[in-house]
Structures are given as C-alpha cells and as structure tokens.
Amino acid sequence: EEHGGRLEVHHLAEGGTRFDLVLPADTGLRVIETRHDSRPISEAPLIRTRLLIVDDDAMVLSALRRRLHRRYDVVTVLGGVEALAMLSADPDFDSIICDLMMPKVDGKSFYEAIVAEHPQLANRIIFMSGGAFTPRLRKFASAVSNPVLQKPVSREDLEAMLDTLANDAGE
C-alpha cells in the first residue's frame, strides 16, 4: 500500500483461489547506483604455474584438467613414456602430478629418469595411487620424500599439496 500496490484475492468458480499482486509501473522511487572503481589486489601480475599431469587413464587426466585448469596451466600426458618424451623437449614445469601404477614406465621408473635427466624437477613431483601397490612400488613410495595421494584426489587436496611444494621451492 505504501508504494501504491495492492493484493487482490479471487475465488474461482471451478474451485481454488487466485492471488494477484498489482504493483504500479512507476512508484516515484529512484535507484541510486553506487559505483566503485575496481583496483587490483596486488600490483604484481597473477602468475599461473605450469603443471604436468601424468596418468595412464585418459578419464583421470580429463577430470584433473577440469579441476585444475582455472588456476594452473595444465598439460596432460598419457603415460610415463610420453611424459619423459615431453620433458626432454620442454622441462619447464613448476609441478608434476604422476600416477604410480602405469604400464611400461611406472612412477618409480619415471622418478628415476627425472633424477637422472632433470634433477631440478625431482622434488616437484606429487605421486597418486589408486591403492594397488606392487611390493616394488610400496617400497619406493615409502622411501621417497615426495607426497603420495590416494585416488580419488580432491581438488582441494591437490591444490594444498601444490601450494606446499611451491612454498618449499620458494624458500
């Protein structure tokens, strides 16, 4: 009523009730728009880190890419053989997420090749496992200082681990 509107109640012959809320097109009120100039939180540019994800399951690669692509420049490769070939051509990655159980080149073999060819990347690897460890990989996972996350891995867990690696690298 204060704004010139009304509520009408209509009892329908076939049963039921219809309510109509009638509001005037012009109440005489004006919207006051407040504008704020946006400013960057920091003058430093946002730097996206490069992330290599290695797994032998294309669906896992696709899911991880979808989870992480907004914050990281994600490159995915299907298997350890392809990952080593990529790193030979382009070793400029900030972090690597690698499955432990893969055919041909598993996580242990991948890690050993990285230590030999790109030692600066060895401490930037996060391993993942679906839990099906061979005795060889179980021994390896307990011997290296790199983290091993259990699949399925949440985006939050991955980002926290990647942040920890980035902070450790910055020290």
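**Sheet**

I started with the strands and found an open sheet of 5 strands, ordered 4-3-5-6-7, with parallel pairing. I take strands (E, at least two residues) and helices (H or I, at least four) as DSSP runs numbered from the N terminus, and two strands pair if DSSP finds at least two bridges between them. The edges are strand 4 (72-78) and strand 7 (148-150), each pairing on one side only. On average, neighbouring strands here are turned by 20° against each other, direction ignored.

Before going on, I noted the ground rules: this is a predicted model, where local features need pLDDT of at least 70, side-chain atom pairs count only at pLDDT 80 or more, and totals for chains, interfaces and linings use all residues. Residues are numbered from 1 along each chain as its sequence is written, and side-chain values use heavy atoms, with hydrogens and water left out.

I then asked what helix 1 (residues 58-68) lies across. The answer is strand 3 (49-55), strand 4, strand 5 (95-99) and strand 6, and helix 1 runs at about 180° to strand 4. Helix 2 (residues 80-89) touches strand 3, strand 4 and strand 5, its direction making about 130° with that of strand 4. For these angles, axes are lines fitted to C-alpha atoms (for helices over the stretch in contact), and values run from 0 to 180 degrees between N-to-C directions; contact means heavy atoms within 4.5 Å.

Which residues of helix 2 are buried (under 20% relative accessible area; exposed is over 50%, partly exposed in between; 1.4 Å probe, protein chains only)? I found Gly80, Ala83, Leu84 and Leu87. They cover an arc of only 95° around the axis, so they sit on the same side of helix 2; the arc is that of the directions from the helix axis to the C-beta atoms. Their cover includes strand 3, strand 4, strand 5 and helix 3.

I listed the contacts of Ile96, leaving out residues up to four places away in sequence; they include Leu51, Leu87, Phe110 and Ile126.

**Charged pairs**

My search of the whole structure gave 11 salt bridges (a side-chain nitrogen of Lys or Arg within 4 Å of a carboxyl oxygen of Asp or Glu). One of them joins Asp163 and Arg71 at 2.5 Å, N to O. Asp163 lies in helix 5 and Arg71 in the loop between helix 1 and strand 4, so this pair ties together parts 92 residues apart in sequence. Another joins Glu156 and Arg155 at 3.5 Å, N to O. Through shared partners, Arg71, Arg155, Glu156, Glu159 and Asp163 form one network.

Is Glu159 buried or exposed? Glu159 is buried, at 16% relative accessible area, whereas Arg71 is partly exposed at 37%.
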